[in-house]
Amino acid sequence: MLQAIAFIIFAVAIAAGVGEGCSGGPKADKSASEAAPAEQAPTEASPENSAAEDSDVQSDVTDDSSAEDGTDITVGENPEPAPTEPEPEQPTPQPEEPTVVPPAAPELSVSRQGDNLHYRWPSVSDAQSYTLYYARESFGNINSLSDYANLDGAGRISGISATETILQDVERGIYWFAVITASKTENSTVTESAPSEEVQWMIGTKPLNDTGLIVCNGFDPDDSGWVNPGGCIATSATATTAGVYDDADQTPVPAGLALHSGRDALAVAGALPKTGAGSAGFDFTRLASDGTVYSGSGDFGTEPWDCVLDHTTGLAWEVKTTSGLHRDQSVFSWYNPDNASNGGISGSDDVTQNCTGYQSGNSGTYCNTDAFIIRTNNEALCGFSDWRLPTVEELLGILKLNPDLTPAVDSRYFPNAGPGAYWTSAPAAGQSGSSWAVEFFAQRLNAHAHASAHSIRLVRGN
């Protein structure tokens, strides 16, 4: 290695001497050159030859001036150790964030309240708020609840602190789907539960009541007989889960049985808000003779009312009395002179004489449906002059299905129910000369000849 260093020094010295000789200047004095200190810098080289000779020198240094341990040595300078890369700073260990368990998913139910949808759910123990997601299509059409905005008509109501909320003025005639989530904040982290089971509801363009039936009646396959096991609401069945009757044979209750869903089931469970009152899912308010809300005691004998408002359907109904024009014992034939709605047959205009106010020869007093409607509108019953015969669906809507109830209607609101069937406005297709009537004692719909004498319960509203 010492030989290599000496050779490098010798090469540098020769390069310096060549530079001087080629500069064209005076020749250097030999003795002065020898007397010069070893560390004296060489005289500046001429530009013609210095580049090439410097290149050779650099090549020699590069090729031969490496120490045995691999460290480069620069001639004429004290070697310095190569700079050491600073070691990267190690991050300070952070404590692990505790795992936050989201709340349980609530159980959602829905009912109609006028043009609004009323959502309710039981309280979740560790939830601090709830979020209702709704849309006009099923949430099963998206992969994640975070994509809810992609659904038609989607929206949400967040930050709900109660266990109920209202979706107001929904569009009628289409299904609205909804799910609910529960949320809580812990360690500055907000966590949201999985969504509830989806519920759906459609407010019909012509809303109807539930059946009013809250007692199970079913066929027992073991003993081939009908059984009446009592209130199905007390069994394990729900609207989506099959259960059993509470009789000895444990007869299965099909999933989704009407007794476990709808307004009636909610009413029995104490979860149906009402504007008025009534049995099961019915929601009625009594009206006075001028159409205002009745303020009496509810004893029809001493403080009678004239009409009943159904908050579910928005319809108002005639109430029967024991005397006068609306006497419960009055009966009528079916007659409709309007060819646009009578099915091509007007019916019987003067068959019976058994109604209040009948006068022979005075067609305005005849005991038929058309004449009775005209007299009631002239009277302006409860302040209205648009009374009419109900449709089949409307009249069935106040039928309170119950095998032990005759007549099958809530007598607290509809006293003095007539003795038989009540006419509807619908002609019976395929049965010429007949129209449909609802039998409130037999709890069924039947076609009757137009000349038959039946009761009338008028209705108004859309």
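Mentor: Start with Ser-196, which touches Ala-105, Pro-106, Leu-108, Val-179 and Ile-180, leaving aside residues up to four places away in sequence. Keep in mind that this is a predicted model, where local features need pLDDT of at least 70, side-chain atom pairs count only at pLDDT 80 or more, and totals for chains, interfaces and linings use all residues. Residues are numbered from 1 along each chain as its sequence is written, and side-chain values use heavy atoms, with hydrogens and water left out.

Trainee: What makes something a "touch" for Ser-196?

Mentor: Contact means heavy atoms within 4.5 Å. Across the protein, 59% of the contacts with a separation of 6 or more are between residues 24 or more positions apart.

Trainee: Where is Ser-196, and is Ser-196 buried or exposed?

Mentor: Ser-196 is in the loop between β7 (189-192) and β8 (199-202). Buried means under 20% relative accessible area, exposed means over 50%, and partly exposed is in between (1.4 Å probe, protein chains only). Ser-196 has 8%, so it is called buried. Of the 462 residues in the protein, 38% are buried.

Trainee: Why is Gly-357 labelled the way it is?

Mentor: Its relative accessible area is 45%, so the label is partly exposed. Gly-357 is in the loop between β15 and α5. Its C-alpha is 8.1 Å from that of Gly-324, although the two are 33 residues apart in sequence.

Trainee: How are those helix and strand names given?

Mentor: They are DSSP runs numbered from the N terminus: helices are H or I with at least four residues, strands are E with at least two. There are six helices and 19 strands here.

Trainee: What makes β3 count as mostly covered?

Mentor: Seven of its seven residues, 129-135, are buried. In a regular strand the side chains alternate between the two faces of the sheet. On β3, one side has Ser-129, Thr-131, Tyr-133 and Ala-135, the other has Tyr-130, Leu-132 and Tyr-134, and all of these are buried.

Trainee: How do you know which strands pair with β3?

Mentor: Two strands pair if DSSP finds at least two bridges between them. β3 and β6 (residues 175-186) have seven bridges, antiparallel, with Tyr-134 opposite Ala-178. β3 and β4 (residues 155-160) have four, also antiparallel, and there Tyr-133 has Arg-156 as its bridge partner. Both pairings meet the rule.

Trainee: What is the strand order in the open sheet with β13?

Mentor: The order is β13-β14-β15-β19, with antiparallel pairing. β13 (284-287) and β19 (459-460) are at the edges with a single partner strand each, so one side of each has no neighbour in the sheet. Between β13 and β14 (residues 307-310) there are four bridges, and Thr-285 has Leu-309 in β14 as its bridge partner.

Trainee: How do you know that Cys-307 and Cys-382 form a disulfide?

Mentor: A disulfide is a pair of cysteine sulfur atoms within 2.5 Å. Cys-307 and Cys-382 have an S to S distance of 2.0 Å, which passes. Cys-307 is in β14 and Cys-382 in the loop between α5 and α6 (392-396), so the pair ties together parts 75 residues apart in sequence. Both cysteines are buried.

Trainee: How many disulfides does that rule give?

Mentor: Two. Cys-355 and Cys-367 are also joined, S to S 1.9 Å. Their torsion about the S-S bond is about -85 degrees, so that disulfide is left-handed. The link of Cys-307 and Cys-382, with 110 degrees, is right-handed. Cys-355 and Cys-367 are buried too.

Trainee: What does the side chain of Arg-327 make a polar contact with?

Mentor: Thr-356, at 3.0 Å between the side chains. A polar contact is a pair of N or O atoms within 3.5 Å; within protein, one must be able to donate a hydrogen and the other to accept it, and residues adjacent in sequence count only if both atoms are side-chain atoms. Arg-327 lies in the loop between β15 (316-318) and α5 (369-379), and it touches residues including Lys-320, Asn-354 and Cys-355.
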